[in-house]
Amino acid sequence: MEWVWNSPSAGYLEQGILVTDRWQIAARYARSHGFKLDLLSLVPTDLLYVQFGVHSPAIRLNRLLTVRCLPEFLQRLETRVFYPNTYRVLRTSAILVASIHWNACAYFALSRHIGFGQDPWVYPNISDPDNARLRRQYLYSFYFSTLVLSTIGNIPKPVREEEFLFVMVDFLIAVLVFASIVGNMESIISKLDKAAHSVVPDHQLIRDYLRSQRVNTKLQRRVTEWSQHLRLYKKVTNERHILQLLPDKLQAEVATCVHLQTLRKVQLFQSCEQRVLYQLVMRLQPQVFSPGDYVCRKGDIGRAMYIVQDGCLAVVADDGLRQLAVLEAGNYFGEISILNIAGKILQNSTAHSYSVSHLP
């Protein structure tokens, strides 16, 4: 109930309409099956410790009735974290550790049921002060559980029927559940690799192509430096491909957040209305040039306007050596190319990259 009243995002959908009224949410929750389970989980069974003692954890099993909310919580958390793939790795690792923990608890409970020290398989006799310490009991049980579930072996041979049954169930869990967890981890790691390649070009693929085509070493080095720069500074060249799954409105908002400050630095657009800037932002396409690359040459047909976001560009003479001007962040060129003028607009100057340059 505290979540219903205090959470600013509490609500539910009814016929496509989000209901946020606190009384309606509370009434719907009170009629749900989960409300009854939550009430049972709040029953103060801890008071039974007075009669049975603190070494009877089973009397608090009603607290586990709230575990039903855990999958939904984990699913919602995944959509809110900044690094979902890292979160999936941590979540899978936590499930792995929790599984070993619960199995260790079951092993210790079975050992107490049979009798500590009755045979080599169960927990040693707690008459020994070292074995009676709580930390030793937990670490030994956790270690034993890890050996069984990882199928490493090197465990004492079961003697009683209960012990054989426990080991068989654990082996089945290890084969089925743990194989699934390991497969999930492998899938997450492969997705991490795939996600990185979706943002930054696969340099290995490019390098293999250059080698197969026997491209000269100097050009291969330039391609390598360009690829390393993209990966090091997390520069994206395929923005539209990454955002294509978003609705048009969200694409516009993301592009505005990323590139609007760049447009505001351009003197040509400082007097434009906000909606005009939004339209221009949607047409920007990032490009990255390495030092020495030519952005355009004199006589080329102009098809785009360029804005310098980072780095420097040099406007050079026909000999390619004498610098006529240096364009820095906020400068632009090629604006005549975007005007609706009949005929072909030719570039009247040559610009090459003076440093690593980013042009949105």
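Asp-119 has a relative accessibility of 11% and therefore counts as buried, a class that covers values under 20% relative accessible area, with exposed meaning over 50% and partly exposed in between (1.4 Å probe, protein chains only). The model is a predicted one, in which local features need a pLDDT of at least 70 and side-chain atom pairs count only at pLDDT 80 or more, while totals for chains, interfaces and linings use all residues. Residues are numbered from 1 along each chain as its sequence is written, and side-chain values rest on heavy atoms, with hydrogens and water left out.

## The chain as a whole

The chain contains 14 helices and ten strands, which are DSSP runs numbered from the N terminus (helices H or I, at least four residues; strands E, at least two). Of its 360 residues, 29% count as buried. The accessible surface comes to about 24,500 Å², and 60% of this belongs to carbon and sulfur atoms; such areas come from the Shrake-Rupley method with a 1.4 Å probe, and for residues only the protein chains shown count as cover. Among contacts (heavy atoms within 4.5 Å) between residues at least 6 apart in sequence, 59% join residues at least 24 apart.

## Salt bridges

Side chains of opposite charge can pair when their charged atoms come close. The structure holds five salt bridges, each defined as a side-chain nitrogen of Lys or Arg within 4 Å of a carboxyl oxygen of Asp or Glu.

Asp-119 takes part in a salt bridge with Arg-160, and their closest N and O atoms are 3.4 Å apart. Asp-119 lies in the loop between helix 6 and helix 7 (129–132), and Arg-160 in the loop between helix 8 (134–149) and helix 9 (161–199), so this pair ties together parts that are 41 residues apart in sequence.

A further salt bridge joins the side chains of Arg-91 and Glu-78, at 3.2 Å from N to O. Because Arg-91 belongs to helix 6 (residues 84–114) and Glu-78 to helix 5, the pair connects parts 13 residues apart in sequence. Together with Arg-88, these two residues are linked in a network of salt bridges.

Helix 5 (residues 70–78) also holds both Arg-76 and Glu-72, which stand four residues apart, about one turn of the helix. These two form a salt bridge whose closest N and O atoms are 2.9 Å apart. The table gives the relative accessible areas of four residues that take part in these pairs.

| Residue | Relative accessible area | Class |
|---|---|---|
| Glu-72 | 43% | Glu-72: partly exposed |
| Arg-76 | 46% | Arg-76: partly exposed |
| Glu-78 | 19% | Glu-78: buried |
| Arg-160 | 33% | Arg-160: partly exposed |

## Nonpolar cores and a surface patch

In soluble globular proteins, nonpolar side chains tend to be buried together. A nonpolar core is here a set of buried Ala, Val, Leu, Ile, Met, Phe, Trp, Tyr and Cys residues joined through side-chain atoms within 4.5 Å. The largest one has twelve residues, including Tyr-107, Phe-108, Trp-121, Phe-144 and Phe-166. Helix 6, helix 8 and helix 9 are the elements that give two or more residues to this core, and helix 6 gives the most, with four. Phe-144 touches Tyr-107, Trp-121, Ile-155 and Pro-156, when residues up to four places away in sequence are not counted. Another core lies apart from the largest one; it has ten residues, among them Leu-263, Phe-269, Leu-284 and Ile-307.

## Single residues

Arg-214 lies in the loop between helix 10 (203–212) and helix 11 (217–233). Its phi is near 55°, a positive value in a residue other than glycine. Most residues other than glycine have a negative phi. Arg-214 is exposed, with a relative accessible area of 78%.

Val-295 is found in strand 4 (residues 294–296) and counts as buried, at 11% relative accessibility. Between Val-295 and Leu-313 there are 18 residues of sequence separation and 8.7 Å in space, C-alpha to C-alpha.

A search of the whole structure finds zero disulfides, a disulfide being a pair of cysteine sulfur atoms within 2.5 Å. Cys-296 is buried, with a relative accessible area of 7%, whereas Cys-105 is partly exposed, at 32%.
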